[in-house]
Amino acid sequence: MTTPNTNPSLRFAAHFLARPRMLALSAALFLAGCGSLAPVPYEANEIRDRAEQDRVQMYADQEPIAAPLSFHEAAARALKYNLDYRLKLMESALSRSLHDVSSHEMLPRLVAGAGYVSRNNDSGGSSIGIIDREESLRPSTSQERERTLANLNFSWNALDFGVSYYRAQQKADQVLMAEERRRKVVQNVLQDVRNSYWRALGAQKLIGRVDDLLARVNTALANAKEVEAKGLMPRAQVLSYQRALLDAVSLLTLRRQDLELARAELNALMSVAPGTAITLVDEKEFALPAVPGNIEALETMAMEKRPEIMEEWYRKRVTENDIKAAKAMLWPNISIDLGPQYDSNRFNYNSSWVDAGVRVSWNILRLAQLPALKRAHEHQNKADDMRRMALSMAVLTQVRVGVQRYGLSLAELKFAEESLRVDQSLYDYAKAASQSKFESELEVIRSEARALLAEYQRYVAYSNAQAAWGRVYNSVGLDVLPEAIDSHDVKTLATALEKTMSQWQGQVFKTAAAR
């Protein structure tokens, strides 16, 4: 008579091995899972397709440029199509979505379940007397080998609700932080456009004249070399003229590069495809306001409106909610469970029933964390306040330095205008006094080069003054767009930009301009 194997593990292994299909399927799944962990780099055609799609997406859905662009239209296009700003918009939308998700985490749980259970033998057993150790019942079972289960469980946990509540508050504050970062990007984009637009407009006006003058200078250099070769003038005098012409070529070439870069920078800010030719409106330069005199009023405004300070203030609430969530975990937990159950087992007296329960639990040892949490809360508040104070000090410094730079840029602009007036007069005089003599022609070219460089410096000075004024505007933290806009086409955005900036300049800086 063969003695049955009483080891449960051996019986299970023998039963499992007796089913070759199940073993083969398990092995295949195991090997497939191991194979999926191997690194799989992108193929060359996938990389090429992705690069092409990215290039198309960068310039997709843009309003065509059908007319010359004004300053406000260029700024509107930059805000509408600038990729950094669009990224911040998406981050803000993501923060709002995460906040919506976290709000639903506070709801109780209502879990529906269904399943099928099968076993290869019968469950059950017999009973044995505790005192006499005699078996009182023959082996029996009260459970079918195959049965189906279903349930619908409602549960609510006090600690989960408390922690989810604080997490939802954090997500709400992170939405506001994302909005402040979006405001900052808007301000920075306008600042960059303000600087690049006026330089690009100067490039549009000067680059043709620079090219013509470079051609004339090169012709004059060739003539000077011919004069030197023929010995028509003293060699030292000819060489000095050549040196002057070469200096003019060097300066004009550098300035031409600056002009080209200005147009490229403006195209990049507006997300215009490289190489696209755009035309700017030959508009009259904006009158620059006087240097603000009421610095304290600007400082107060900056403390109230700068996005960085507001973001840091919201960050303090986020860190405080971290401590509050940790403190909530110290207190007793109450959980409530309720739900109908179903079991198809035919041996059950009741195949369906309702479970209900209330449990209270408390990890008392966690109370030992309370003093440390209180100290962490206190130190966290102090660190947050000190970080905000340091940022506020930097903001106040930016306001004062911005006002000083603006004053210096206005002085530089006045000097550049005076230099332009003198160099233009010298050019007019040299042109009027020129005759057919070789040295007179060279002097005219040198005078014209100086006048053109002076005009370039004047455009640069005006652009720097605009940029300095923009830094003052930016350092105060003023918004460039109203809170609500009827539509977001370029024309509407440009009108809203012009209106908002005019209001701020007329209302806020009017009283601050007079010393």
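This is a predicted model: local features need pLDDT of at least 70, side-chain atom pairs count only at pLDDT 80 or more; totals for chains, interfaces and linings use all residues.
Colleague: Thanks! What angle do helix H9 and helix H10 make where they pack?

Modeller: Helix H9 (residues 307–328) packs against helix H10 (residues 370–433) at about 175°, and their axes are 10 Å apart.

Colleague: Why are H9 and H10 called roughly antiparallel?

Modeller: Angles over 145 degrees count as roughly antiparallel. The angle here is about 175°, so H9 and H10 are roughly antiparallel to each other. In the contact of H9 with H10, the residues divide into eight nonpolar, five polar and eleven charged.

Colleague: Let's turn to the strands. How do you know that S1 and S2 pair?

Modeller: Pairing asks for at least two bridges between the strands. Ten bridges join strand S1 (residues 109–118) to strand S2 (residues 146–157), and the two run antiparallel, so they pair by that rule. For one of the partners, look at Ser118, whose bridge partner in S2 is Glu146.

Colleague: And what makes S2 and S3 a pair?

Modeller: The rule of at least two bridges applies here too. Seven bridges join S2 to strand S3 (residues 333–343), again running antiparallel. Ser155, for example, has Asp337 as its bridge partner in S3.

Colleague: Why is Arg182 called buried?

Modeller: Buried means under 20% relative accessible area. Arg182 has 17%, so it is buried. You will find Arg182 in helix H6 (residues 158–230).

Colleague: What makes the pair of Arg182 and Glu179 a polar contact?

Modeller: The cut-off for such a pair of N or O atoms is within 3.5 Å. The side chains of Arg182 and Glu179 come to 2.6 Å, so the pair counts as a polar contact.

Colleague: Which residues does Thr141 touch, leaving aside residues up to four places away in sequence?

Modeller: Thr141 touches Asp122, Ser123 and Gly124. A polar atom of the Thr141 side chain lies 2.4 Å from the backbone oxygen of Ser123, and the Thr141 side chain also reaches the backbone nitrogen of Gln143 at 3.2 Å. The C-alpha atoms of Thr141 and Gly125 are separated by 6.6 Å, although these residues are 16 residues apart along the chain.

Conventions: Residues are numbered from 1 along each chain as its sequence is written. Side-chain values use heavy atoms; hydrogens and water are left out. Helices (H or I, at least four residues) and strands (E, at least two) are DSSP runs, numbered from the N terminus. Buried means under 20% relative accessible area, exposed over 50%, partly exposed in between (1.4 Å probe, protein chains only). A polar contact is a pair of N or O atoms within 3.5 Å; within protein, one must be able to donate a hydrogen and the other to accept it, and residues adjacent in sequence count only if both atoms are side-chain atoms. Axes are lines fitted to C-alpha atoms, for helices over the stretch in contact, and angles run from 0 to 180 degrees between N-to-C directions. Angles under 35 degrees count as roughly parallel, over 145 as roughly antiparallel, 65 to 115 as roughly perpendicular and the rest as oblique. Ala, Val, Leu, Ile, Met, Phe, Trp, Tyr, Cys and Pro count as nonpolar, Asp, Glu, Lys and Arg as charged, and the others, Gly among them, as polar. Contact means heavy atoms within 4.5 Å.
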